[in-house]
Amino acid sequence: MTDIAAMLPRKPFRLTPIILSIALGLLPITVYADSSASRSPQPPDILLGSLFDTVQKAALFTDQKTFADAVPTSDPASIIASWQSQKTQPDFDLKQFVQHHFILPSQGQAYVPPSNQSLRAHIDGLWPVLTRTAKMSGKYDSLLPLPYSYVVPGGRFREVYYWDSYFTMLGLAESGHWDSIKNMVDNFAWELDHYGLIPNGNRSYYLSRSQPPFFSMMVDLLATHEGDKAYRHYLPQLQLEYDYWMQGRDRVKRGHAVNRVVKLDDGTLLNRYWDARDVPRTESWLDDIKTARHVPQDDRAKLYRNLRAGAASGWDFSSRWFAKTNQLTSIRTTQLVPVDLNSLIYHLERVLAKAYKLNDQSDLAKLYTQRANVRRAAINHYLWNDQQGWYADYNWKEKKIHPQLTAATLFPLYMQIAEKNQAKQTAKAVDQQLIKPGGLLTTTLNTGQQWDAPNGWAPLQWIAVKGLDYYHQPQLSKKVGLRFLRNVQVTYDKEHKLVEKYVVEGKKLGGGGGGEYPLQDGFGWTNGVTLMLLDKYCPAQKTCNSAHDIPNAQ
């Protein structure tokens with residue numbers, strides 16, 4: 001077997017600002033089991049210890065993320081000492097104490113858009129509203145600094161998120177904001193250089209996990225504007241991204257998994273979602289503790305790990321990850337080889353092959369082409385449900401395919417992995433079970449989880465539209481795209497906003513529900529996908545002024 005490490009170009013060690021700060025003792029560090037997330041700023045639950053736990057359990061704020069994002073006004077050790085000395089006093093008020101010692105995040109002034117805007121004009125006007133900078137952050141702030149500006153989703157999400165950003169970038173490209181796209185790709189490249197991964201979001205409490213790996217798709221997008229030089233420029237970071245996902249491949253045994261790598265009994269390497277920590281999620285601390293009360297003490301660390309891995313998937317949460325349909329406590333994310341994740345890593349391998357070829361490194365180009373071909377064959381074998389006729393996740397521990405149909409089934413079409421017959425069968429299943437009056441359903445089960453019925457999500461609509469187009473299913477593709485676009489437009493006509501998710505089946509369409517927090521407005525990836533759909537289905541006038549202007553999709 002080729003020794004890829006020996007073939008890779010050497011990179012000189014750079015004393016980056018984060019590494020320098022750690023070396024000088026200006027930033028605290030924490031060590032996770034996953035070395036890629038080691039030597040990083042500590043998350044608030046570690047930094048504040050029992051005080052963090054006490055505040056979250058007291059439910060002082062309606063959103064647990066509020067305190068996770070709060071900034072200590074002084075050394076946390078001093079704050080903890082003050083709390084320890086004051087908490088037993090008869091007149092002690094925990095909320096007043098927190099308000100005195102922490103700067104709580106604020107939503108800022110509500111954005112009031114101009115009246116009578118078209119949907120397109122409204123989205124174009126939102127880009128600067130959703131743009132943030134974080135070149136510097138406080139010593140104990142959970143917000144991680146980034147060198148360039150970025151676009152946030154909106155609402156409670158005050159930081160940049162990994163997989164959200166690709167769909168936001170599609171809209172930015174359609175609006176001509178290539179400078180913003182470049183800034184965001186450079187930010188993600190910076191994170192790969194400094195942390196060895198692109199975290200879930202730029203918060204210290206997200207450094208133990210990533211999200212669906214869309215970085216290679218971002219480079220693809222930027223290359224449509226900058227040309228092939230983009231592949232050569234980001235080659236080191238594309239390699240770092242791959243190394244993160246494949247960390248442990250050299251030591252994982254057959255029938256086992258290490259970090260994000262799973263080795264099947266025949267030696268096939270595939271990937272899963274994983275988080276380096278096994279404690280409650282910092283941003284959902286109390287929710288996870290309440291969930292864990294329903295399982296034995298000895299099983300709680302495993303439950304926390306699977307909840308965190310579910311968050312890494314971006315589908316937090318869905319019956320897709322559950323052993324028992326309506327039981328969050330049965331979550332087993334780490335036990336599944338997801339079809340969407342492996343399709344994305346296939347794309348990453350293809351892009352690495354292309355980048356190395358452009359860089360005149362033919363041996364590495366050949367190596368990654370081989371790896372991509374092996375992964376494609378494995379997806380079409382292990383992640384294909386031949387009995388049902390669709391793609392699904394593979395339970396590597398039980399050595400069988402998970403039978404549930406979800407919108408993730410379209411990722412092998414989106415990445416052009418599927419054989420023609422597989423694509424045809426998948427399209428038929430999607431048409432019969434997932435396409436509803438308001439767009440593409442996430443799953444067929446209504447569990448109260450936000451990544452289940454009756455909700456549909458913008459990124460999955462675009463993946464369906466593109467994937468079905470690739471396999472010559474224009475009518476089906478159009479049905480998904482136009483139904484979701486009409487749903488967004490009707491909701492905008494009534495409420496003058498775009499939201500995070502939408503109800504796509506039932507008598508009442510519009511803003512979605514379920515999950516751990518209220519429906520969020522904004523909204524980055526909905527904005528991006530909506531612009532792409534407007535561009536695709538309203539090409540003559542470049543806009544649709546109301547739902548009446550959107551063509552019908554039977």
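Select strand E11, residues 394-395, together with strand E12, residues 400-401. In this predicted model, E11 and E12 pair in the antiparallel sense over 2 bridges. Strands of a sheet pair through backbone hydrogen bonds, either parallel or antiparallel.

The 3 strands make an open sheet, in the order E8-E11-E12, with antiparallel pairing.

Next, select helix H14, residues 285-292. Colour the buried ones: Trp285, Leu286, Asp288, Ile289, Thr291 and Ala292. Then show what these residues pack against: helix H3 (44-48), helix H4 (50-57) and helix H15 (300-312).

From here, turn to empty space inside the protein. Rolling a probe the size of a water molecule over the atoms shows where empty space is left. The count comes to 4 cavities of 30 Å³ or more, and the largest cavity holds about 300 Å³ of space. To find the largest cavity, select Phe157, Tyr161, Gln211, Asp316 and Tyr517, which lie nearest its centre among the 23 residues of the lining. Which classes of residue make up this lining? There are 10 nonpolar, 5 polar and 8 charged residues.

Gly522 is in the loop between strand E17 (510-511) and helix H22 (524-537). Is Gly522 buried or exposed? Its relative accessible area is 12%, and under 20% counts as buried, so Gly522 is buried. Leaving out residues up to four places away in sequence, Gly522 touches Leu126, Pro153, Leu498 and Asn527.

Last, colour the chain by pLDDT. The average over the protein chain is 92, and 92% of the residues score at least 70. Then select residues 1-33: here pLDDT stays under 50. For this stretch the model has 58 contacts beyond four places in sequence.

Key. Residues numbered from 1 in each chain as written. Predicted model: local features only at pLDDT ≥ 70, side-chain atom pairs only at ≥ 80, totals over all residues. Heavy atoms only, no water. Buried < 20%, exposed > 50% of the residue type's maximum accessible area, 1.4 Å probe, protein only. Helix = DSSP H or I, 4+ residues; strand = E, 2+ residues; numbered from the N terminus. Contact = heavy atoms within 4.5 Å. Pairing = 2+ DSSP bridges. 1 Å grid on protein atoms, 1.4 Å probe; cavity = no way out; pocket = protein on both sides within 12 Å on 5 of 7 lines; lining within 4 Å. Points joined across faces, edges and corners; volume = space filled by probe spheres on them. Nonpolar A, V, L, I, M, F, W, Y, C, P; charged D, E, K, R; others polar. pLDDT = per-residue confidence, 0-100.
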